[in-house]
Amino acid sequence: MSEEKSFNFIEEIIDQDLKAGKHEHIVTRFPPEPNGYLHLGHASAICLNFGLTQTFPGYTNLRFDDTNPETEETEYVESIKQDIQWLGFQWKNEFYASDYFEQLYQFAHRLIEKELAYVDDSTSEEIRALKGTPTAAGKNSLYRNRTVEENKDLFTRMRNGEFKDGEKVLRAKIDMAHTNMLMRDPVLYRIKHAHHHRTGDAWCIYPMYDFAHGQSDSIEQITHSICTMEFIPHRELYDWCIENLGIYPSHQYEFARRNINYTVTSKRKLLKLVQDGLVDGWDDPRMPTISGLRRRGYTPASIRDFCERVGIAKRDNIVDVSLLEHSIREDLNKHALRRMAVLDPIKLIITNYEEGKTEWLQAENNPEDADAGHRELGFSNELWIERDDFMETPPPKYFRLGPGLNVRLKHAYIVTCTGFKKDADGKVTEVHCEYHPNSKSGNDQSGIKAKGTMHWLSCNHATSAEIRLYDRLFKVENPANEDGDFLSYVNEHSLQILPKAFIEPSLTEASLDDRFQFLRLGYFCLDKNATKEHLIFNRTVNLKDSWAKENK
RNA sequence: UGCCUCAUGGUGUAAUGGUAGCACAUCAGUUUUUGGUACUGCUUGUCUUGGUUCGAAUCCAGGUGGGGUAACCA
């Protein structure tokens with residue numbers, strides 16, 4: 001049974017490069033800008049870049065693209081590192097574009113000396129105006145023909161802090177009529193008297209992306225620099241810089257960023273959700289961030305599996321969240337301990353069971369894993385069951401409780417419903433039933449057939465907890481594609497808090513790494529804000545529910 | 001409007017000139033002390049028009065459609 005796993009187009013390129021002897025090993029890098037938290041889209045890039053050097057000989061660097069001090073912070077650096085490691089990857093080197101500021105500055109001088117760069121005094125508005133349009137060529141700047149000496153002097157003085165923000169920029173001297181707008185004398189350096197999270201106040205000029213990224217790749221001798229498709233036009237400039245600087249020829253390859261329906265993966269939009277308080281921070285369990293997924297209960301393996309299933313290609317895409325949910329269910333089904341919880345309780349009284357008696361029942365921890373062992377469950381005449389599990393007048397294919405119907409109480413007995421009580425509003429307050437003593441789980445001699453099996457909790461052997469249920473963050477499949485403000489498509493019912501649900505008492509001992517399946521309800525994990533006194537469980541994902549589907 | 005880029009079931013992705021496959025989703029069924037899991041089966045696809053070829057999803061040409069691109073962001 002050999003499973004043929006085909007290469008994606010990037011693996012294909014690398015495989016050929018290696019076979020052609022172009023490299024003996026490869027070097028990739030993951031280059032986040034520390035201006036936000038990592039999300040599912042980054043997970044794809046991480047799995048790709050780090051996965052490549054697991055498939056092929058080589059290694060992967062982590063390099064922070066920290067060339068814009070105004071938006072970048074150490075908090076983001078730390079979260080990014082944590083998320084990558086949590087996903088299960090380890091970088092060879094931890095680098096920063098800011099490590100290369102001095103070298104980059106020298107590179108700029110080299111370009112000036114080759115008459116390939118000049119200092120421009122134009123304002124940003126003037127530069128934009130002279131840039132032309134896609135159909136009309138741009139015009140040369142008045143300052144385009146400064147001498148090498150003048151440029152070197154001015155650029156040095158820019159670094160020395162003699163000018164204010166925006167007063168001057170360094171530009172590449174390429175071609176103002178180029179069909180690629182990026183090649184129309186792109187800005188290489190700008191003046192920002194801003195405090196940088198790593199270099200402090202050492203610099204007041206900062207390189208632009210195009211004069212930092214490719215050069216950093218080259219310095220690190222990155223063989224395959226992988227980025228998303230919107231950088232395709234940058235490749236020409238990437239190559240131009242490397243060629244004219246005469247440095248190590250890294251190459252850029254582009255793939256299509258991954259999109260997922262009913263959410264957004266744009267740091268700008270995610271930041272907006274955080275800033276407007278629509279979510280409880282970057283790690284809100286509804287966020288598609290790595291930290292949000294972690295808090296929600298997703299496992300690293302499930303996210304890696306998801307990325308693997310989605311794959312890598314070049315066409316626009318919107319991946320269905322059900323694939324993500326499939327990945328986490330598959331993982332958790334194998335590993336999560338089974339427990340019982342009652343979210344919306346209603347009392348079940350067993351009228352023929354001795355009052356005050358407690359019976360201890362054996363319950364398996366995980367039917368998928370014999371090694372997971374068993375636990376003891378207290379059983380008595382008063383139980384909590386799910387309100388959903390009783391209907392006064394059930395429809396035909398209802399396998400739960402209703403007048404005269406039988407049901408198996410999981411790990412316990414078969415009961416027959418004998419009656420119920422309602423309050424003044426007509427709301428059911430109590431369900432009555434009789435149990436069949438010879439129908440005990442594991443030793444059923446009753447011969448009674450029960451179509452359904454229900455979860456329950458003994459009133460005297462249950463403790464309470466807050467439970468949080470989550471739904472998709474947005475009401476529409478592709479919020480980015482809708483008219484108007486994307487915030488108006490936020491699903492206002494995406495979080496449902498149940499302040500007092502019942503759970504098995506042993507759950508008091510749960511730790512953040514534990515994963516549980518609450519029988520018939522879904523997979524749950526402890527929230528980071530939970531305490532022993534105030535337990536909080538997050539629902540990671542529900543179980544597939546063919547009954548709910550049939551009722552739609 | 002220029003340039004760049006992409007196009008395979010509902011979704012994502014394979015097939016590298018030779019039987020269009022896999023996964024998710026959907027639907028139907030079997031098993032089941034979780035309406036879970038597991039298992040079986042069905043439905044659904046090569047954007048279009050030409051060309052090359054014994055043979056085209058694949059190569060060529062023209063259309064069409066989507067996306068990117070005109071920040072002192074990355």
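Start with Gln517 in this predicted model: an N or O atom of the Gln517 side chain lies 2.6 Å from a base nitrogen of RNA strand B. Next, select Lys440, where a backbone N or O atom is 3.5 Å from a base oxygen of the RNA strand B. Then go to Lys410; here a polar side-chain atom sits 3.3 Å from a sugar or linking oxygen of RNA strand B.

Now show everything around RNA strand B. The selection holds 69 residues, and the closest are Glu12, Arg315, Arg338, Ser441 and Gln517. By class, 23 of the residues are nonpolar, 22 polar and 24 charged.

Colour by secondary structure. Helix H12 gives the largest share, 4 residues.

From E6, move to the sheet. Its 4 strands are antiparallel and form an open sheet, ordered E4-E5-E6-E7. E4 (117-120) and E7 (205-207) are the edge strands with a single partner strand each, so one side of each has no neighbour in the sheet. On average, neighbouring strands are turned by 20° against each other, direction ignored.

Zoom in on E5 (169-172), which pairs with E6 over 3 antiparallel bridges. Arg171 has Val187 of E6 as its bridge partner.

Finally, select two helices. H4 (101-113) lies across E4, E5, E6 and E7, at about 120° to E6. H6 (148-159) also packs on the sheet, touching E4, E5, E6 and E7, and its direction makes about 60° with that of E4.

Conventions. Residues numbered from 1 in each chain as written. Chains lettered and ligands numbered in written order. Predicted model: local features only at pLDDT ≥ 70, side-chain atom pairs only at ≥ 80, totals over all residues. Heavy atoms only, no water. Near = heavy atom within 4 Å. Polar contact = N/O pair within 3.5 Å; in protein donor to acceptor, adjacent residues only side chain to side chain. Nonpolar A, V, L, I, M, F, W, Y, C, P; charged D, E, K, R; others polar. Pairing = 2+ DSSP bridges. Axes fitted to C-alpha atoms, helices over the stretch in contact; angles between N-to-C directions. Contact = heavy atoms within 4.5 Å.
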